[in-house]
Amino acid sequence: MESCLDMEDDLDAFQLPIENALNAFLSDVHIGAGASESSRQSSRFPIYADPIHTATCSLNVPNDKASNQSSFHQDRDGDLDIPRKGRKLPPIRLVLTLSHAMATPLVNVGQQLWRGSLLLMDWLIHNGKALHGQNILELGGGLGAASIVGAHFGAHMLCTDIGLTTLDLCKLNIDRNQDWITGSVRVCSLDWGHIHNILDQAESTQRNSFSLCLDDIDQLKQCSIIIAADGKIQAAVKSSQI
């Protein structure tokens, strides 16, 4: 995936008050946004239609066809030296518009976009054709970017995280990018570190708009793919155990 922020690339633009510096975390994806800790930004991420290939790198080419392919170029250390300037980019497939926070405390880092999410989106894009009609659970969905991409390819995404502010931001992003979605996305509150009491969560009387319901439990049981961008998953999350 090729993506970029729709903002000035000025590494000196971001200034964090020194009294907050030790308590705030800023994703390197958002460096240069020029915002204070309390503000909320909107960034655009163009996503191209096809993987970007270079003319000098063609893998798994049979020997009898090698003469018709460009040869590999290597640097002095023997690593592939792939030209990156002057390449022609494929058409843009979609442009994600994401609202996100800036330089949050550790408990709210899900309100930023992190590099791990970009890598997860890349995996979804490269496997897009296989996602149509699949039920997919995303753990720690944060801003909802990966779930939007999955739903763009026709998947039925159950995007989960914790914290009402984070979930509100996620739902906002889902709504803002609804035109790109051909499948579906449901945003739910789920702490995958406490998966053992998931049925209690669904039946609890203390509920909000993001609380799991019994229909969500049924969708969880049908999930064939579980994705997560960051974190060490400590709970065994399997459909057979829910």
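Reader: Why is Asp28 called partly exposed?

Author: In this predicted model, the relative accessible area of Asp28 is 39%. Buried means under 20%, and exposed means over 50%. The value for Asp28 falls in between, so the residue counts as partly exposed.

Reader: What makes the contact of Arg115 with Asp28 a salt bridge?

Author: The closest N and O atoms of Arg115 and Asp28 are 2.7 Å apart. The cut-off is within 4 Å, from a side-chain nitrogen of Lys or Arg to a carboxyl oxygen of Asp or Glu. The pair meets that rule, so it is a salt bridge. Arg115 lies in helix α1, and Asp28 lies in the segment before β1 (40-48). They are 87 residues apart, which links distant parts of the chain. Arg115 has 47% relative accessibility, so it too counts as partly exposed.

Reader: How many salt bridges does this rule give?

Author: The count comes to 3.

Reader: What makes Asp175 and Lys171 one of them?

Author: Again, a distance. The closest N and O atoms of Asp175 and Lys171 are 2.9 Å apart, and the cut-off is within 4 Å. Both residues lie in helix α3, 4 residues apart, which is about one turn of the helix. Asp175 has a relative accessible area of 42% and is partly exposed. Lys171, at 35%, also counts as partly exposed.

Reader: Where do Asp216 and Arg186 lie in the chain?

Author: Their side chains meet in a salt bridge at 3.0 Å, N to O. Asp216 belongs to helix α5 (residues 214-221), and Arg186 to strand β5. The two are 30 residues apart, and the pair links distant parts of the chain.

Reader: Is Asp216 buried or exposed, and how do you know?

Author: The relative accessible area of Asp216 is 4%. The limit for buried is under 20%, so Asp216 is buried.

Reader: How do you know whether Thr166 is buried or exposed?

Author: The same test applies. Thr166 has a relative accessible area of 5%. With the limit at under 20%, Thr166 is buried. It sits in helix α3. Leaving out residues up to four places away in sequence, Thr166 touches Gly110, Gln111, Gly142 and Asp161. Over the whole protein chain of 242 residues, 38% count as buried.

Reader: Why is the orientation of α1 to α2 described as it is?

Author: Helix α1 (residues 115-126) packs with helix α2 (residues 145-152) at an angle of about 10°. Their axes are 9 Å apart. Angles under 35 degrees count as roughly parallel, so α1 is roughly parallel to α2. On the α1 side the contact is made by Ser117, Leu120, Met121, Leu124 and Ile125. On the α2 side it is made by Ala145, Ala146, Val149 and Gly150. These residues divide into 7 nonpolar, 2 polar and no charged.

Reader: What makes β5 and β6 edge strands?

Author: The open sheet has 4 strands, in the order β5-β4-β3-β6, with parallel pairing. β5 (184-189) and β6 (225-228) each have a single partner strand, so one side of each is left without a neighbour in the sheet. On average, neighbouring strands are turned by 20° against each other, direction ignored.

Reader: How do you know that β3 and β4 pair?

Author: Two strands pair if DSSP finds at least two bridges between them. Strand β3 (residues 135-139) and strand β4 (residues 156-161) have 4, in the parallel sense. One example is Glu138, whose bridge partner in β4 is Cys159. Helix α3 (residues 164-176) packs on the sheet and touches β4 and β5. The direction of α3 makes about 175° with that of β5.

Reader: How many bridges join β3 to β6?

Author: There are 4 bridges, and the strands run parallel. Leu139 has Ala228 as its bridge partner in β6.

Reader: Which side chains of β6 are buried?

Author: Ile225 and Ile227 are; they point to one face.

Reader: What is the pattern of helices and strands along the sequence?

Author: The protein chain has 5 helices and 6 strands. Their pattern reads β-β-α-β-α-β-α-β-α-α-β.

How values were computed:
Residues are numbered from 1 along each chain as its sequence is written. This is a predicted model: local features need pLDDT of at least 70, side-chain atom pairs count only at pLDDT 80 or more; totals for chains, interfaces and linings use all residues. Side-chain values use heavy atoms; hydrogens and water are left out. Axes are lines fitted to C-alpha atoms, for helices over the stretch in contact, and angles run from 0 to 180 degrees between N-to-C directions. Angles under 35 degrees count as roughly parallel, over 145 as roughly antiparallel, 65 to 115 as roughly perpendicular and the rest as oblique. Contact means heavy atoms within 4.5 Å. Ala, Val, Leu, Ile, Met, Phe, Trp, Tyr, Cys and Pro count as nonpolar, Asp, Glu, Lys and Arg as charged, and the others, Gly among them, as polar. Buried means under 20% relative accessible area, exposed over 50%, partly exposed in between (1.4 Å probe, protein chains only).
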